[in-house]
Every structure is written in C-alpha cells, then in structure tokens.
Amino acid sequence: MLEIKNVSYEVDNRMILKDINLSINKGDTVAIIGPSGSGKSTLFRLLSNLISPTKGSIYYNNKEYESLNPEELRMKVSYLLQQSDLFDSTIEDNLAFPSQIREKSFDKKKAKCLLKTVGLDHYRLDSKVQRLSGGERQRITIARQLMYTPEILLLDEATSALDTQNRNKVEELIFNLANKGVAILWITHSKDQSLRRFNKRVHLIDGHIEKEEVLQ
Ligand SMILES: Nc1ncnc2c1ncn2[C@@H]1O[C@H](COP(=O)(O)OP(=O)(O)O)[C@@H](O)[C@H]1O
Ligand SMILES: [Mg+2]
C-alpha cells in the first residue's frame, strides 16, 4: 500500500535521508530503529506529506503522493507525534476534533470506549485537559488519533512517557489495529521489549537503511 522509492531528503547541502527504499503492506508492523539524529522523524514527516522528498517518490496504492489530495492523504496516513498536542479545553472538545474536520457527528460512545482502552475512563468527557499529567495527555492524544481508524499509523515513540501498564494497554490497542489491516510504523527504542512483536525492523543509521529484517 505504501512504496518508498529511492527517496532522499536534503537541506542546506546536507543529506538527511539517503536513497531510502521501503515497501509497506496492509497490516505490516514496522519498527523503525536508529540513534538520535539518524532521520527517523524526517522519514515520518515525508510519509505524512509534511515535507516532500528532494529525490525519489512515495506512492500510496500506486499513486504518487504529489498526485493525491493532501487532505485525503492526511486522513489515511495518521502521524502521532512524540509530544502530545492537545488544545487547552475539555477531553470531549479534543476527541471531537477529528469528527469536526470531517464534518461528521461526534461518536461519544467510541470516545468513551477509547478512553477506557487508554485507561482514562475515570475522567468525564467534560474534564479539562489542563489538569491532566503529561502521560495522561499523551493517552488522550492517542485516543483522539484513533477516533477514525487510519490506513497507516505512524508513531513517534508515542508511549515513551507512559508507565508499563498503560504502555501495554496502548500497545495492545495498536497491534489489534494491525490485525485489522492497519499498517503500523513505530519509532521504537532498540532495547524495547516489544521489538519482537513487529514483522519488520528497519535500522536507520546516518540517514540510510543499514539493515532491514523481515520476519514472518
Ligand atoms: N529542516 C531541517 N533543517 C536542517 N536540519 C534538519 C531539518 N530536519 C532535520 N534536520 C536534521 O536531520 C537530522 C535527522 O533528524 P531527525 O529526523 O529528527 O532524526 P531522529 O528522529 O532520528 O532523531 C538531524 O541531524 C536534524 O538536525
Ligand atoms: Mg525523532
């Protein structure tokens, strides 16, 4: 469903990513591993169409990114940032945002269900997010991102601020999505316990793919 072909990204005469080739299929679970500064987040910014390759192309279902409607692409490829980016209002206002941009009605039941999955069902939907801790805000961000199921989900160490119990909950939720066909790309620490659960592991070093392991 996603093809990255000979993609490079250069800024100020510096190659941040060099000749990246990668195929992502439906239901793939891909761990992106690499030291700080190796280009992991830049790869996600390219995949989420926030920036464009300076060489090569990215294809979604055989169509070049440039030929696709950016809004539609954004709904299919969902990028969960490392930092939570909620707006200072209620939980409900944040969880209702994805339905607003789609001009759909807010699915309260789904919101409550997701709150439960991320272990925050003791909060009311009208609670203010300002009162929540960093880890709780991150879990609301994850719930918001999953109000609509994307085709491809990009996670930038999204659970690093969570304790083990909540991290496990979120991990279950994400890997269940993969079972339903969502492709998951997750920037993961090389020592992470969950690494064995992924079917592909891509090692980035200094902007290039050093090693790609495919397990079946
Ligand atoms: N727009 C940019 N301008 C200049 N340098 C950038 C830009 N974006 C990323 N970089 C540099 O590219 C390198 C890779 O960054 P990044 O993709 O954030 O790495 P990672 O997520 O693996 O830590 C870093 O050295 C970073 O400073
Ligand atoms: Mg990064």
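Helices (H or I, at least four residues) and strands (E, at least two) are DSSP runs, numbered from the N terminus. The model is predicted: local features need pLDDT of at least 70 and side-chain atom pairs pLDDT 80 or more, while totals for chains, interfaces and linings use all residues. Residues are numbered from 1 along each chain as its sequence is written, chains are lettered from A and ligands numbered from 1 in the order written, and side-chain values use heavy atoms, without hydrogens and water.

**View 1. The shell around ligand 1.** A residue belongs to this shell if one of its heavy atoms lies within 4 Å of the ligand. Helix α1 (40-47) and strand β2 (14-24) each supply at least two residues, and α1 gives the most, with four. Among the residues around ligand 1 are V11, R14, I16, P35, K40, T42 and R45. The shell has three nonpolar residues, six polar and three charged (Ala, Val, Leu, Ile, Met, Phe, Trp, Tyr, Cys and Pro count as nonpolar, Asp, Glu, Lys and Arg as charged, and the others, Gly among them, as polar).

**View 2. Polar contacts of ligand 1.** A polar contact is a pair of N or O atoms within 3.5 Å. Ligand oxygen atoms lie 3.2 Å from a polar backbone atom of S38 and 3.0 Å from one of G39.

**View 3. The largest pocket.** A pocket is an open set of points on a 1 Å grid over the protein atoms alone, where a 1.4 Å probe fits, with protein on both sides within 12 Å along at least five of seven lines; lining residues have an atom within 4 Å of a point. The volume, the space filled by probe spheres set on the points, is about 600 Å³. Of the 21 lining residues, R74, S78, Y79, I101 and Q145 lie nearest the centre of the pocket. Strand β6 contributes the largest share, four residues. The lining divides into twelve nonpolar, four polar and five charged residues.

**View 4. The salt bridge between K200 and D28.** A salt bridge is a side-chain nitrogen of Lys or Arg within 4 Å of a carboxyl oxygen of Asp or Glu. Here the N to O distance is 3.0 Å. K200 belongs to strand β9 (residues 200-205), and D28 sits in the loop between β2 and β3 (29-33), 172 residues apart.

Definitions and conventions. A polar contact is a pair of N or O atoms within 3.5 Å; within protein, one must be able to donate a hydrogen and the other to accept it, and residues adjacent in sequence count only if both atoms are side-chain atoms.
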